[in-house]
Amino acid sequence: MLKKYLAECIGTMVLVLMGCGCAVMNGGAVSVAAVLTIAFAFGLSVVAMAYTIGSISGCHINPAITLGVWLSGKMPAGQALLYMVSQVTGAILGSLVLSILVKGLDLTGTGANGYVEGYGWVAFVAEFIFTFIFVLVVLGTTSATGHIASFAGLAIGLTLVLVHIVCIPITGTSVNPARSIGPALFEGGVALSQLWLFIVAPLLGGALAALVWKILAVKEVILEEVIIKED
């Protein structure tokens, strides 16, 4: 069981280090090319980790996903909580490494999320909806079987790329409380004061995804039963 928690810690560390690191090293999302580069850095990090630790822990590396999995009845509460602790720990470690590199290169920033004052409600809606979409894709693709399931990591990673392309200009894109906590702790200031939004909105989005998926999954089972009876 400890292997699962270690895997989640390492996976989240890689996600934060690579994704946020790309944002910092490229000077932020200052152009379309930069946005695409950062988006793919996060997405490819997920793809890499999905095929590395997926067979060990499921590669959640995101408390919103873990919440969705728990609410879907696919893991016990205690394990879900320890997954989240491991993810936040990994995010902090990734941010620590990034902070060391940034200082060594005389750069600034940690890739922390943020929004323009006065547009908090827009940021909340964006993080809520995009997390809902992302977690719904995770629940759907990982519940598939056969050749479809083998492409789950790729589908999830590419969905994260898509989410980042749209959401980076709004909040820098979180859809992952752990990813926001690590960088905010090292950046402080405004990033820390706005952190609550990047914890609450993604968790609510993940919870809604679990509810919707349970409805869709039930319909899927009923449809399969009807087909069997007709045959």
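**Note on helix packing and cysteines**

1. The axes of helix H2 (residues 32–57) and helix H6 (residues 152–171) approach within 8 Å and cross at roughly 155 degrees. H2 is therefore roughly antiparallel to H6, since angles over 145 degrees are counted in that way. The model is a predicted one, and the values in this note should be read accordingly.

2. The crossing of H2 and H6 is right-handed. Two packed helices are described by the angle between their axes together with the distance between those axes.

3. On the H2 side, the contact is made by Val35, Leu36, Ile38, Ala39, Phe40, Phe42, Gly43, Val46, Val47, Ala50 and Tyr51. These meet Ala152, Gly153, Leu154, Ile156, Gly157, Leu160, Val161, His164, Ile165 and Ile168 of H6. The residues of this contact between H2 and H6 comprise 17 nonpolar, four polar and no charged.

4. Turning to the cysteines, the structure holds zero disulfides. For Cys22, the closest cysteine sulfur is that of Cys20, at 9.8 Å, which is too far for a bond; a disulfide requires the two sulfur atoms to lie within 2.5 Å. Cys22 counts as buried because its relative accessibility is 12%, the limit for that class being under 20%.

5. Cys59 is likewise in no disulfide, and the nearest cysteine sulfur, belonging to Cys9, is 13 Å away. With a relative accessibility of 12%, Cys59 counts as buried.

Methods. Residues numbered from 1 in each chain as written. Predicted model: local features only at pLDDT ≥ 70, side-chain atom pairs only at ≥ 80, totals over all residues. Heavy atoms only, no water. Buried < 20%, exposed > 50% of the residue type's maximum accessible area, 1.4 Å probe, protein only. Axes fitted to C-alpha atoms, helices over the stretch in contact; angles between N-to-C directions. Helix = DSSP H or I, 4+ residues; strand = E, 2+ residues; numbered from the N terminus. Parallel < 35°, antiparallel > 145°, perpendicular 65-115°, else oblique. Left-handed = near helix turned anticlockwise from the far one by under 90°. Contact = heavy atoms within 4.5 Å. Nonpolar A, V, L, I, M, F, W, Y, C, P; charged D, E, K, R; others polar.
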